[in-house]
Amino acid sequence: MSSNNNTSITFAILQLQTAFRYSSLILGFILLIGGVFGNILNIIVFVKVGNYKNNACSLYMFVRTFLDLNVLLAGLATRILATGFQTDFTLVNRAWCKTRISFTEINSESTYTLICLQAIDAFICSSPSVGVRQKSNIRTARYLIVGTLCFWCIHEIPYFIFQDLVIVGGTPMCITTNTIFAQYHTYFAGLCVVAIIPITVISIFGFLTVRHLKTISVTRSLSSLTRQTISMALFQIVAVLVFNGPNAASLIYQVITTNLVKDSYRRAVEQPITSFIATYSYGPFAILITIHRTEIMQSFMILISFAFVIINPTMSVINLASFQQEALLQHNYYRQQLHCTGAMVLNASISTTAQNYAQYLAANNIFNHSQTPGLGENLWMESSSAALTSVNGSVPTIAWYSEISSYNYSNPGFSSATGHFTQVVWSDSVQLGIGIALTSNNLAAYVVANYYPPGNYLGQFATKVPPLCTSTTTSVTTTSAGNTTNAGSTTNAGSTNSSGSTTSAGTTTNAGSTTSVGGSTNGGTTVSFSASNNTAVSPSYHRYYSLLTVITLGTQFYQIVY
């Protein structure tokens with residue numbers, strides 16, 4: 001398979017990841033807002049009607065509304081923050097690391113247990129035998145509810161002990177430190193309690209209940225309240241099957257492929273799909289089941305519209321669109337005017353990837369590469385002792401390009417001192433994605449630029465890093481926030497001094513403000529800059545895919561996008 005086909009696969013994977021990421025975020029907001037609103041409305045309705053006081057099935061539903069609220073707020077809300085906005089409190093707070101999963105699972109496991117009890121109670125209430133129907137009573141239901149909550153609270157105690165915030169390779173991770181308990185939790189709690197057992201139990205008793213209801217004599221003998229609660233229980237059973245079925249299949253797949261060595265492409269495809277399914281599995285906790293269905297559906301549709309409106313990835317301080325255009329213009333100025341190579345275009349999907357990672361860097365205040373397969377990457381960071389109010393998109397590009405002063409055209413190749421420059425002007429890199437994010441205190445800005453196809457391939461620098469167009473001295477100047485910054489000045493293309501380095505003036509002083517890649521001081525405010533570029537990679541790094549994988553990926557891509 002040619003390298004062009006290989007890069008096309010990489011780009012398709014990127015599109016697939018973006019589609020699933022935004023779908024997961026939108027779905028998460030809909031389930032969270034609609035679920036919280038609906039469960040609160042459920043509580044109001046149940047308290048007003050009061051049927052939970054003398055009907056076992058209604059009591060199970062009433063208690064579940066509180067459990068579902070806990071799952072949505074502690075589980076789904078924090079998941080949206082972590083996956084959509086790269087704000088994971090389990091990585092910064094040890095207490096939350098220990099309690100989040102255990103608290104969420106106490107509530108979710110209790111919910112699924114009550115759903116099973118609800119299905120069994122619906123079967124008992126619909127029985128043709130009066131004696132069997134009398135076995136459904138409120139007193140037994142109360143005991144079962146208390147026993148369920150106590151059992152799952154005791155069951156999750158080991159999580160408080162073994163779950164911990166640890167540093168792995170310099171990166172904080174919230175993980176289970178005991179291997180045996182981790183395996184038990186994966187195979188039993190994750191797979192059986194949440195997926196296989198509830199689906200099996202509710203399927204069996206749901207089928208038996210429907211068979212009971214087909215008997216006319218049984219239907220006529222049931223009270224209006226009993227018929228209504230049975231219908232609600234059956235609706236909940238369908239909801240669990242619809243929402244939890246894909247989750248069960250995903251968990252089974254993960255267990256089967258646990259010991260399978262997967263390449264980077266396969267992991268890149270599986271990760272967003274798994275993340276979407278995990279968000280989708282919160283559906284049973286957000287399903288609205290009350291007697292006032294019309295009012296709820298009207299409110300729910302309003303909330304859906306509201307969710308689409310509030311999901312806006314733009315930044316509150318910096319105009320992202322303007323920043324991206326400034327960066328694109330600066331890139332193309334260097335490429336077209338100074339190096340006579342093709343212009344770049346801004347790619348929305350790649351920009352989304354860059355923006356998401358910039359937000360992750362800012363949220364965690366770290367400066368590491370993302371290692372995204374199939375994309376080149378330049379990083380830039382600015383920190384200040386005063387709050388940043390604006391960053392011109394051309395500034396990071398100027399800093400990266402200024403490395404031309406260290407690039408030796410007589411001996412082309414990769415160097416950590418020139419990797420940003422060579423990526424900026426790499427002739428094959430024609431699509432740009434760029435993002436910027438500020439830290440919570442606005443004292444630092446992180447910029448991520450991704451390039452497609454990626455540059456800095458070993459053995460290709462002589463042909464892919466074009467020299468300057470003319471032999472005249474060229475000065476590149478831009479204005480940002482009132483300060484003039486000059487960078488990347490160089491003499492004749494390919495001309496070297498005695499040490500073999502290209503002669504240039506990488507730093508200039510203007511109006512008392514010194515600006516360079518290393519740092520600057522302006523008006524008493526200390527500002528520092530940092531830049532980082534991926535190391536050079538060999539073309540053999542990109543593994544060839546089989547024809548079957550290509551067909552599968554293409555099918556998934558068109559189903560999601562089109």
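In this predicted model, nine of the nine residues of strand β6 (residues 444-452) are buried, so the strand is largely enclosed by the rest of the structure. Buried here means under 20% relative accessible area, exposed over 50% and partly exposed in between, with a 1.4 Å probe and protein chains only; helices (H or I, at least four residues) and strands (E, at least two) are DSSP runs numbered from the N terminus. In a regular strand the side chains alternate between the two faces of the sheet. In β6 both faces are covered, with Ala444, Tyr446, Val448, Asn450 and Tyr452 buried on one side and Ala445, Val447, Ala449 and Tyr451 buried on the other.

| Strand | Pairing with β6 |
|---|---|
| β4 (residues 376-384) | antiparallel, eight bridges |
| β5 (residues 431-438) | antiparallel, eight bridges |

Within these pairings, Ala445 of β6 is the bridge partner of Glu382, while Asn450 of β6 is the bridge partner of Gly433. The hairpin of β5 and β6 has five residues between the strands, and in this hairpin Asn442 takes a positive phi near 60°.

Elsewhere, the unreviewed UniProt entry annotates "transmembrane region" at several spans, including residues 25-47 and 187-210; UniProt positions are given in the numbering used here, feature names are shortened, and annotations may be inferred rather than shown by experiment. Residues 25-47 are 100% helix and 0% strand, with end C-alpha atoms 33 Å apart, and residues 187-210 are 100% helix and 0% strand, with end C-alpha atoms 32 Å apart.

Residues are numbered from 1 along each chain as its sequence is written, and side-chain values use heavy atoms, with hydrogens and water left out. Because the model is predicted, local features need pLDDT of at least 70 and side-chain atom pairs count only at pLDDT 80 or more, whereas totals for chains, interfaces and linings use all residues.

Conventions. Pairing = 2+ DSSP bridges.
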